[in-house]
Amino acid sequence: MRVTRNSTISSVSDPALETRPAIPAAPPARPDPGAVAGLPVRPVDIEARGLGRQFGETPVFSDIGFRLARGESVALVGANGAGKSTLLRCLMGLIPVSSGRVSLLGTDPNTARGPDLRRLRARVGLVSQKHNLVPRLSVLSNVLHGLLGKAPGPRHWSHALAPRASRAAAMAALDRVGLADFALRRADRLSGGQSQRVAIARAIVGDPEVLFADEPCASLDPAAGEDVMDLFFRLVRDKGVTVVFTSHNVDHALRYGDRVLGLAGGRLQLDATAASLSAATLRGLYD
Ligand SMILES: Nc1ncnc2c1ncn2[C@@H]1O[C@H](COP(=O)(O)OP(=O)(O)O)[C@@H](O)[C@H]1O
Ligand SMILES: [Mg+2]
């Protein structure tokens, strides 16, 4: 089933969803320069215009456009191979777009260079499906790596070299993911769920304004995955961070996203609020 962009979709109740509490959207914790006469106008943190990407002659997607407001949580859904990870990477500037433009926090990550690009990267965090921790280093050192965007150089390679303030920030981030007691443990001694929590601490230690998460719990068993999703969204919602996450899990998309974008057939086929969607409608996108 295909759903057209911006369509209004009536909700079909799903008992499985109703029993689970939704996490309410937090008001933006960051200053809102667009606020006029007490009426908040949320700034746009991410904008895509006519975005396309191809590998060789094969297009993955084309003509993708949307604007994401500050503090929004957006689920990017679609079947395997639909281009979710590719789109996420294009939005972050990790791979170049083939056509169109991206604005991320007011900067085009595809054209920014040198200090501008570094400043932008320091304001953005990423949690991937695989935690990508450095196995032989301590948990604390791995979290400190999250500050390398802000302060590149060897002082943030290892906890033994790190400035006191950075160590304190890393310990605070570990505390927020419930792993302060594991700070000096080697990263390769952790379980999958613990490793992903450390990856979350690494992503939030620099207080990012925008966070991207690519299937953040796909490598975990369902129970650990639920814990990680819950923790991640509580932390980022508290701070009013703008979040774009990809997910295979329809339930997660509706529970943690304010808005759902759906990729199918190389196009943005769905752009709707989570509240206007049912699990059945969303599942249709995968068929
Ligand atoms: N580096 C690459 N080189 C060639 N093709 C790629 C590359 N990365 C992704 N693709 C292709 O782009 C399509 C979308 O992939 P991806 O973005 O990983 O999808 P999703 O995350 O939705 O599963 C797939 O057909 C995949 O094979
Ligand atoms: Mg992917």
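I began at Ala 75, which stands opposite Phe 245 in S7. I worked throughout on a predicted model, where local features need pLDDT of at least 70, side-chain atom pairs count only at pLDDT 80 or more, and totals for chains, interfaces and linings use all residues. Residues are numbered from 1 along each chain as its sequence is written, with chains lettered from A and ligands numbered from 1 in the order in which they are written.

**Entry 1: the pairing of S3**

I took helices (H or I, at least four residues) and strands (E, at least two) as DSSP runs, numbered from the N terminus, and I counted two strands as paired if DSSP finds at least two bridges between them. Four bridges join S3 to strand S7 (residues 242-246), and the two run parallel; in this pair Leu 76 stands opposite Thr 246. With strand S8 (residues 259-264), S3 also pairs in the parallel sense over four bridges, and there the bridge partner of Ala 75 is Val 260.

I then followed the open sheet of six strands, whose order is S5-S6-S7-S3-S8-S9 with mixed pairing. Its edge strands are S5 (124-127) and S9 (267-273), each pairing on one side only. The twist averages 15° from one strand to the next, with axes being lines fitted to C-alpha atoms, for helices over the stretch in contact, and angles running from 0 to 180 degrees between N-to-C directions.

**Entry 2: burial of S3**

I called a residue buried if 20 or more other C-beta atoms, placed from the backbone, lie within 10 Å of its own, exposed if 12 or fewer, and partly exposed in between. Five of the five residues of S3 (residues 73-77) are buried, so the strand is largely enclosed by the rest of the structure. In a regular strand the side chains alternate between the two faces of the sheet. Here Ser 73, Ala 75 and Val 77 are buried on one side, and Val 74 and Leu 76 on the other.

Why does Val 74 count as buried? I found that Val 74 has 22 C-beta neighbours inside 10 Å, and therefore counts as buried. Leaving aside neighbours within four places in sequence, its contacts (C-beta atoms, placed from the backbone, within 7 Å) include Leu 68, Val 243 and Arg 259. The C-alpha atoms of Val 74 and Leu 254 are separated by 9.5 Å, although the two are 180 residues apart along the chain.

**Entry 3: the core**

For a nonpolar core I used a set of buried Ala, Val, Leu, Ile, Met, Phe, Trp, Tyr and Cys residues joined through C-beta atoms within 7 Å. The largest such core has 74 residues, of which Leu 76, Leu 91, Val 143, Ala 201 and Val 244 touch the most other members. Helix H6 (residues 192-204) contributes the largest share of this core, six residues. Not counting residues up to four places away in sequence, Leu 76 touches, among others, Lys 84, Leu 87 and Leu 88.

S1 (residues 44-55) and S2 pair over eight bridges, and Arg 53 stands opposite Phe 61 in S2.

Definitions and conventions:
Two residues are in contact if their C-beta atoms, placed from the backbone, lie within 7 Å.
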